[in-house]
Amino acid sequence: MDNKLGILIAGYCGAISSTVVAGIDLMLQGSLPNIGMICETTDSNNTTIAEQLDAPKLENIVISGWDAIDVSIRDALNQHQVLRVSDIALVSDSVMDKRPMPIPQNNDKFEYNNGWGSHIEQLRRDIREFKDNFQVDNVVVVNSISTQPTPTWTNKYDSLAEFKSACKALDPDITASMEYACAAILESSGYVNFTPNIVSVPALQELAVQKGVPLTGHDGKTGQTLIKTALAPLLKLRNLTVKGWFSTNILGNLDGKALNDPDACQTKITSKQNCLDSILGYPVEDHQVHIHYYLPRKDNKESWDSIDIDGFLGYPMQIKVNYLCRDSIIAAPLVIDLARLMAVSMRQGESGLLPHLSIFFKSPQLPEGIPVNHDLFIQRKLFFEWVKRSGK
C-alpha cells in the first residue's frame with residue numbers, strides 16, 4: 001500500500017527540520033546511506049520494521065511547516081552547518097528553494113462563532129490546505145520549536161471547556177506548542193512533541209481521545225539521556241550502587257542559545273533528570289545535569305558523564321563517558337521514524353498518548369494509570385511487542 005504521509009514541522013527552518021528535509025532528499029537520491037532510523041532496522045529475514053508495519057515509504061513523504069523566520073532550506077542549511085558543504089551541494093534545487101509557512105498572527109478573519117481563536121484557526125487552515133494540495137493520506141505535526149520556560153500550571157489545562165475559552169482569548173497561558181497540538185488534533189492529525197515544552201495537558205489528552213487522534217512526546221531522547229537510560233540498567237543489573245552522577249553538556253546551535261535563558265534551561269534539565277532514580281529504584285544522592293551554550297561547537301554537541309559507584313565491599317569506582325555527537329544528525333532520523341510510526345497508529349485507530357513510543361523520549365508521557373519506565377531495554381521490549389502486534 002502506497003500510503004502518502006505529510007509531515008508539518010513547527011520550527012521548519014531549524015537545524016533538525018532542515019536536516020530532515022535535506023536528509024530524505026539525499027537518501028532518495030542514493031547520495032547518502034539511510035542509517036540511524038529505527039524503521040530501517042532489518043530482522044533475520046532482511047525485512048525492515050517499516051516493511052513489517054507497512055509504514056509510509058520515504059519516497060511517499062511530503063514535508064512542510066511553520067517558522068518565525070522566512071528563509072529557504074538552502075539558507076537554513078548554510079546557517080546551521082549541520083551537513084557538510086559537499087553534501088549540501090547535492091540537495092535538489094526543488095528542496096533547497098522550499099520556505100516555511102508563517103506562524104500564526106492575530107487576525108480577526110479567523111474568528112468563528114465556534115472557533116478556537118485566530119492562532120489555532122490559522123493553523124487548522126494551513127493543515128487542511130497542505131493536505132489538499134499534496135493529497136496526503138495522513139498528516140503528522142511535529143513540534144520542534146525552541147525550548148520554552150515551563151508555564152505555571154493552571155486549571156485551564158485541566159478543563160477542556162476552559163482550555164478552549166483560553167485559546168479563543170489568546171490567553172498567554174496557552175503556549176505556541178499547545179496551539180500546534182490543538183490544531184493538529186482538531187484536524188485529525190497525529191502530534192509529536194519532540195521538545196521538552198509542556199504540551200499534552202489533560203485538556204488536550206481529552207480532546208485527542210474524543211477525536212481519535214494519537215499523541216506522543218516529550219523531548220526526543222537523542223544523546224546523553226540515551227546513554228544514561230542504557231547504562232543505568234546495567235549498573236542496576238550488577239547491583240552496583242550509584243553514589244553520584246555528574247552530567248554536563250556543551251552545544252552551540254540555536255537550541256543551545258535558547259537554553260541560555262535560565263527558565264528554558266530548567267525545562268530541559270528537568271526533562272533530562274527524570275530518568276535515573278526511576279531506573280535504579282532509589283534516589284541518587286547527587287545527580288547533577290548542566291547545559292552550557294558554547295558557540296564554537298555549533299551543532300556538534302559534547303556531553304560528559306562522571307559516575308561514582310560503589311562495588312563489592314563498598315569499594316569506590318568511577319565511570320567516565322565522553323560523547324561527541326552531532327545534535328541534529330541524531331535527532332533528524334528520530335523525527336522521521338516517529339512520523340512514520342504515528343501514521344501506522346493513525347491507520348490502526350490508536351488515540352491519546354502512546355506507551356509503545358516511550359523509547360524515543362527523555363520524559364515519555366503516558367495515559368493516566370500507566371507508569372513511566374525509563375529503562376531503555378524495557379522500552380525496547382514494549383516497542384517491539386507493538387511492532388509484532390501491528391505488523392502485516
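Trainee: Is isoleucine 359 buried or exposed?
Mentor: Isoleucine 359 is buried, with a relative accessible area of 13%. Buried means under 20% relative accessible area, exposed means over 50%, and partly exposed is in between, with a 1.4 Å probe and protein chains only. Please note that this is a predicted model, in which local features need pLDDT of at least 70, side-chain atom pairs count only at pLDDT 80 or more, and totals for chains, interfaces and linings use all residues. Residues are numbered from 1 along each chain as its sequence is written, and side-chain values use heavy atoms, with hydrogens and water left out.

Trainee: Where does isoleucine 359 lie, and what does it touch?
Mentor: Isoleucine 359 lies in the loop between β11 (352-353) and α15 (376-390). Helices (H or I, at least four residues) and strands (E, at least two) are DSSP runs, numbered from the N terminus. Not counting residues up to four places away in sequence, isoleucine 359 touches Lys221, Leu376, Gln379, Arg380 and Phe383. Contact here means heavy atoms within 4.5 Å. The C-alpha atoms of isoleucine 359 and leucine 382 are separated by 8.4 Å, and these residues are 23 apart along the chain.

Trainee: Which residues touch the most other members of the largest nonpolar core?
Mentor: They are Ile63, Phe194, Leu357, Phe360 and Phe383, in a core of 57 residues. Helix α14 (residues 327-347) gives the most to this core, with 12 residues. A nonpolar core is a set of buried Ala, Val, Leu, Ile, Met, Phe, Trp, Tyr and Cys residues joined through side-chain atoms within 4.5 Å. In soluble globular proteins, nonpolar side chains tend to be buried together.

Trainee: And what does phenylalanine 194 touch?
Mentor: Leaving out residues up to four places away in sequence, its contacts include Ile16, Val142, Asp219, Ala331, Leu334 and Phe361.

Trainee: How many residues are in the second core?
Mentor: That separate core has 38 residues, including Ile120, Val141, Ile174 and Ile185.

Trainee: Back to α14: is aspartate 337 buried or exposed?
Mentor: Aspartate 337 is found in helix α14, and at 0% relative accessibility it counts as buried. Aspartate 337 touches Gly36, Met37, Ile38, Cys39 and Phe360, not counting residues up to four places away in sequence. Aspartate 337 and alanine 50 are 9.0 Å apart in space, C-alpha to C-alpha, and 287 residues apart in sequence.

Trainee: Changing topic, at what angle do α8 and α9 pack?
Mentor: Helix α8 (residues 176-186) and helix α9 (residues 202-211) pack at about 15 degrees, with their axes 9 Å apart. Axes are lines fitted to C-alpha atoms, for helices over the stretch in contact, and angles run from 0 to 180 degrees between N-to-C directions. The two helices α8 and α9 are therefore roughly parallel to each other. Angles under 35 degrees count as roughly parallel, over 145 as roughly antiparallel, 65 to 115 as roughly perpendicular and the rest as oblique.

Trainee: Which residues make the contact between α8 and α9?
Mentor: From α8 they are Met178, Ala181, Cys182, Ile185 and Leu186, and from α9 Leu204, Leu207, Ala208 and Lys211. By class, that contact of α8 with α9 has eight nonpolar, no polar and one charged residues. Ala, Val, Leu, Ile, Met, Phe, Trp, Tyr, Cys and Pro count as nonpolar, Asp, Glu, Lys and Arg as charged, and the others, Gly among them, as polar.

Trainee: How do α1 and α3 cross?
Mentor: The axes of helix α1 (residues 15-29) and helix α3 (residues 73-80) come within 9 Å and cross at roughly 120 degrees, so α1 and α3 are oblique to each other. In this pair, Ala15, Ser18, Thr19, Val21 and Ala22 of α1 meet Ile73, Ala76, Leu77 and His80 of α3.

Trainee: Finally, which peptide bond is cis?
Mentor: The bond from glycine 217 to histidine 218 is cis, with omega near 5 degrees. Histidine 218 is found in the loop between β6 (214-217) and α10 (224-237).

Trainee: What is phi of aspartate 219?
Mentor: Phi of aspartate 219 is near 70 degrees, a positive value in a residue other than glycine. Aspartate 219 lies in the loop between β6 and α10, and at 2% relative accessibility it counts as buried.
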